[in-house]
Amino acid sequence: AKGGKGARLAIMVQSDLSALVEKELEEKRERTNAQAQEHGPYLKRRNTPVVDRKSTLTVPNLDNREEEEERTTRGYYAGVGTCASGIIGTLVCYGILQERIMTRPYGDGQGEYFKHSLLIVFVNRTLTCLVALVTNVVKGQPIRPIAPLYSYASISLSNVVATSCQYEALKYVTFPVQTLAKTAKMVPVMLWGTVILAKRYTWPEYSMAVLVTLGCTLFLLSGDAATKVSSRHHAIGGSAGAGGAAWGGALMAGYLGFDGFTSTFQERLFRGYEMTSHHQVLFITAFSSALALLSLVTAGALGPALSFVSDHPACLWDMLLISSTAVTSQFVIAYTIKTYGALVFAAIMTTRQLISILVSNILFRHPMEAGQWFGLIIVFGTLYAKIKMKGKGRKPTAAVMAPSGAEEERQPLQQQA
């Protein structure tokens, strides 16, 4: 009953407004005609339109409004396309350089393989730390610890271990295998979220995690095991087939576990303390640089690592370039999340992973069989379905509401997944 009364009231109001508009337009036409008769010769000479200054009622121009909306929509998609190009471009370059450093020899002839992945971690974290320091200074943010130092140190330790596992895995498995394994990151993140943050997840989320795991398993079990083993592992005479893939799989399991802990504990740190992402990154990368350097020194690998890059300067340039692409991507990622939201960013990152696998297959000649393509379809189909589920009911509008200032500042920097 209340709904019917409301509808009738709305119709009455609409009718009254329509009548008011018609009346005002009629009065306007009469005044215009009167002015035209009075000043007709002058108006014809000047070719000047008559402007009715008494009328205060404005009738919206629907054609102009539609044109404006069309221009704004075009601008929205152009902006998303630009951000997508920046993220995909930098991170695909990151993946190519990662595979080049860890799986291709440096030097003439047979060349030498780079063995010291912790040096890459050290260079990357040091450059990121310097950029975070400059950003904090420019923004006038405090350069002092807000949380206990052991909180930063624990995140740094898990981050260094996760990144080292990621690089070391490329000694045993191909880049497509490594990248596809990263898509299963949602499984350890959900486990750590339940344990550390007491989160609760829905059945669709659990189902999607299972589907992603099944797709990854199908990819790994399909085809000859030797095709999933890194060319470097073959070249140095390592065990072909299941042996090399098992070592790579174990390292990727370590990456997933430690990386899931890193992101979950970062979220807990944001919840417990008022800090910006740049502040957190500054201290985490500072500890990470120190831990990577300490590990190199205690393992006796610092001297050989520096000797290698001294003998092969191209390796040093590759490390500097991979660090630069990683840092650059973070600024594009931050702008994308701020302007277009996390949902658009998730779709871009999922697309980037798929493109990275395809580019690696072309550049480094990784053959894939039908079962592997089917597993790939299951994984990325599930990821896109997850994005669509999160965005259900949302429409891409001309102006996307950005997060508030505090929310933007607390947006954690993303890992190069």
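Let's start with contacts: in the protein chain, of those with a separation of 6 or more, 83% join residues 24 or more positions apart. Please keep in mind that this is a predicted model.

What does the secondary structure of the protein chain come to? We have 16 helices and 0 strands. There are 417 residues in the protein chain, and 40% of them count as buried.

Now, the inside. In soluble globular proteins, nonpolar side chains tend to be buried together. Here, the largest nonpolar core has 38 residues, and the members that touch the most others are Ile101, Phe114, Ile120 and Met319. Which helices each supply at least two residues of this core? They are H3, H4 (117–138), H5 (149–169), H11 (277–298), H12 (302–311), H13 and H14 (342–363). Helix H3 gives the most, with 12 residues.

Setting aside neighbours within four places in sequence, Ile120 is in contact with Ile101, Met102, Phe114, Tyr167, Met319 and Ile322. Apart from this core lies another, made of 26 residues, including Val173, Ala184, Ile357 and Leu376.

On to charges. How many salt bridges are there? The count comes to 2. One of them pairs Asp318 with Arg100 through their side chains, at 3.6 Å from N to O. Asp318 sits in helix H13 (residues 313–340) and Arg100 in helix H3 (residues 62–103), so this pair ties together parts that are 218 residues apart in sequence. Are these two partners buried or exposed? Asp318 has 14% relative accessibility and counts as buried, because the cut-off for that is under 20%. Arg100, at 25%, counts as partly exposed.

There is also a salt bridge between Lys171 and Glu168, whose closest N and O atoms are 2.8 Å apart. Both Lys171 and Glu168 are buried.

How many disulfides does the structure hold? The number is 0. Looking at two cysteines in particular, Cys83 is buried, with a relative accessible area of 5%, and Cys315 is buried too, at 0% relative accessibility.

To recap, we have a chain of 16 helices and 0 strands, a largest nonpolar core of 38 residues to which H3 gives the most, and a salt bridge between Asp318 and Arg100 that ties H13 to H3. Thanks, everyone, and I'm happy to chat about any of it!

Conventions:
Residues numbered from 1 in each chain as written. Predicted model: local features only at pLDDT ≥ 70, side-chain atom pairs only at ≥ 80, totals over all residues. Heavy atoms only, no water. Salt bridge = Lys/Arg side-chain N within 4 Å of Asp/Glu carboxyl O. Helix = DSSP H or I, 4+ residues; strand = E, 2+ residues; numbered from the N terminus. Buried < 20%, exposed > 50% of the residue type's maximum accessible area, 1.4 Å probe, protein only. Core = buried A, V, L, I, M, F, W, Y, C linked by side-chain atoms within 4.5 Å. Contact = heavy atoms within 4.5 Å. Disulfide = S-S within 2.5 Å.
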